[in-house]
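Good morning, colleagues. Please bring the sequence and the structure up on your screens, and I shall take you through several local features in turn.

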Amino acid sequence: MQTSLQLLNWSQKLYQLLLFAYPSSFRQEYGAEMQLTFRDCCLEALQSDESGTFFRFWCLVFYDFAKSITVEYAQLLKQLWSKEQTYSPFQVQIASNTDIGLKRQVNEDKMLSVIPEESNLREKKGSLVVVADGMGDDNAGARASDLAVTTIKEVYYNTNQNIADSLVHAIKLANQKIFQVNEVERQKDTRTLPKSMGTTCVAAVIKDNSLILANVGDSLAYLIRDQQVHQIAEDHSWLAEQVRQGRMTAEEAKKSTKNRNMIIRALGTQADVDVYATTVDLQSGDTLILCTDGVHTQVSEEEIYTIVTQYPPQESSRYLIERANENGGPDNSTAIVVRID
Amino acid sequence: MQQTLAHTLICEESDTTKGGHTIHSRKKDPESLLPLTPAVFHILLALSDGERHGYGIMQEIAERTKGTVHMGPGTLYGSLKRMLSSGLIEETGEKADPQHGNERRRYYRLTGFGQRVLHAEAERLAQLVSIAQLKHVLG
């Protein structure tokens with residue numbers, strides 16, 4: 001038993017040293033997981049009754065190390081080479097618009113777009129666009145959506161992780177901030193119903209040839225490419241969840257009046273939130289649209305397509321809002337249109 | 001005057017990990033990735049019946065091949081990295097596996113594209129096997 005423990009410790013230390021030979025980006029991303037997996041395999045080999053298993057295990061580890069390290073460095077060189085060959089950042093045009101709509105007293109939507117002026121920051125972190133749709137009594141919704149967009153911007157540009165992790169981290173921190181405000185509110189006055197607030201959010205980063213998108217709630221994002229509209233955010237409305245779970249067809253959900261305004265995920269309702277994130281390789285000619293449900297429930301995908309392919313971003317964002325109001329304007333509506341050329 | 005909520009919230013207790021970091025390669029033809037390397041094919045097969053963490057994938061491969069295929073951590077995570085970036089799999093988040101200590105582990109699952117690629121590769125191999133059968137190679 002004592003010998004096994006010593007062998008395990010010794011093996012883990014040696015493997016830790018081997019990990020340093022991998023490219024640093026690979027080690028940072030997978031080193032911890034590899035160590036954990038190595039420990040499990042090592043334990044398995046040590047517990048085996050068959051003689052020579054531990055020796056064979058280490059032979060396999062060295063073979064795997066030599067093979068995988070060659071592959072990783074070859075991939076790294078290939079990447080560096082192709083980056084030099086193809087590096088050509090797109091021109092990005094961003095326009096945004098928001099409106100209170102025809103039925104609401106307050107506009108609780110917030111939006112933000114950032115193209116960093118400083119070239120280092122722009123190259124490192126790219127451009128950021130965010131849309132949030134707040135909810136809560138007495139203007140609390142507007143406070144929540146404001147807190148969300150400002151926190152996401154602040155945290156995203158000050159986090160030293162890869163793009164997707166920085167964005168998800170920023171959204172999670174925004175969630176914590178709003179949740180904490182709600183907690184303080186709850187403790188203040190226990191005699192009346194607590195005034196809680198929450199918000200949806202959809203955020204996208206455009207960097208080099210990639211679009212990194214993350215969302216919580218029913219504010220959505222669409223990518224228009226090759227004459228097709230792709231919804232690239234995950235809709236966290238109650239109805240969309242019924243479709244995903246197979247309890248309703250998309251057609252039934254479209255017609256259903258049940259829980260039409262209900263969402264199953266939002267920022268500020270729980271201490272932690274599950275953030276949907278996705279990455280898309282960009283192509284010249286793509287158009288990205290971020291919008292609140294005030295737009296996408298009133299303007300069909302066909303209408304969105306017709307508007308943004310016909311007009312430049314500034315006009316497109318205005319027409320999307322105008323169309324939402326023409327179709328009833330029951331909610332605040334916000335749209336950001338990003339053209340990639 | 002009290003304003004009604006724009007949305008009603010359901011605060012559900014949920015341990016689902018929808019929406020990990022996924023990389024979509026839109027409109028990619030599954031055939032364009034064939035033939036797959038043995039490592040990638042084994043990983044896709046291991047994930048075909050549900051999400052698993054790295055060690056879970058290794059165990060599944062060793063078990064299914066009766067110990068004839070052993071994948072080391074370097075090959076496994078290098079393959080996972082490339083499979084993530086080509087949209088074959090997606091990460092579903094971190095959680096602990098009570099059977100293997102309390103550490104949080106990253107879980108992976110197949111994407112729709114990954115399933116199509118796995119199916120296409122299995123069909124390609126099945127065709128090869130049927131040719132071998134026709135030529136009585138398999139006895």
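This is a predicted model: local features need pLDDT of at least 70, side-chain atom pairs count only at pLDDT 80 or more; totals for chains, interfaces and linings use all residues.

Thr65 of chain B is buried, because its relative accessible area is 14% and the cut-off for buried is under 20%. Which backbone atoms does the side chain of Thr65(B) reach? A polar atom of that side chain lies 2.8 Å from the backbone oxygen of Ile61(B). The side chain of Thr65(B) also reaches the backbone oxygen of Ala62(B), at 3.5 Å.

Let us follow chain B into helix H3. Two packed helices are described by the angle between their axes and the distance between the axes. For helix H1, residues 38-47, and H3 of chain B, the axes come within 10 Å and cross at roughly 80°. H1(B) and H3(B) are therefore roughly perpendicular to each other, since that term covers angles of 65 to 115 degrees. On the H1(B) side, the residues in contact are Ala39(B), Val40(B), Ile43(B) and Leu44(B). They meet Thr75(B), Leu76(B), Ser79(B), Leu80(B) and Met83(B) of H3(B). Sorted by class, this contact comprises seven nonpolar residues, two polar ones and no charged residues.

I now turn to the sheet of chain B. Its three strands are arranged in the order E3-E5-E4, forming an open sheet with antiparallel pairing. Strand E3, residues 52-53, and strand E4, residues 89-96, stand at the edges with a single partner strand each, so one side of each is left without a neighbour in the sheet. Helix H3, residues 73-85, packs on this sheet and touches both E4 and E5 of chain B. The direction of H3(B) makes about 125° with that of E4(B). How many bridges join E4(B) to strand E5, residues 104-110? There are seven, and the two strands pair in the antiparallel sense. Within that pairing, Ala96(B) stands opposite Arg104(B) of E5(B).

Finally, chain A. Is strand E10, residues 276-281, mostly covered or mostly uncovered? E10(A) is mostly covered, with five of its six residues buried. E10(A) runs antiparallel to strand E6, residues 210-216 of chain A, and six bridges join the two. One of the paired positions is Ser210(A), whose bridge partner in E10(A) is Asp281(A).

Thank you. I shall be glad to take questions.

How values were computed. Residues are numbered from 1 along each chain as its sequence is written. Chains are lettered from A and ligands numbered from 1 in the order in which they are written. Side-chain values use heavy atoms; hydrogens and water are left out. Buried means under 20% relative accessible area, exposed over 50%, partly exposed in between (1.4 Å probe, protein chains only). Helices (H or I, at least four residues) and strands (E, at least two) are DSSP runs, numbered from the N terminus. Two strands pair if DSSP finds at least two bridges between them. Contact means heavy atoms within 4.5 Å. Axes are lines fitted to C-alpha atoms, for helices over the stretch in contact, and angles run from 0 to 180 degrees between N-to-C directions. A polar contact is a pair of N or O atoms within 3.5 Å; within protein, one must be able to donate a hydrogen and the other to accept it, and residues adjacent in sequence count only if both atoms are side-chain atoms. Angles under 35 degrees count as roughly parallel, over 145 as roughly antiparallel, 65 to 115 as roughly perpendicular and the rest as oblique. Ala, Val, Leu, Ile, Met, Phe, Trp, Tyr, Cys and Pro count as nonpolar, Asp, Glu, Lys and Arg as charged, and the others, Gly among them, as polar.
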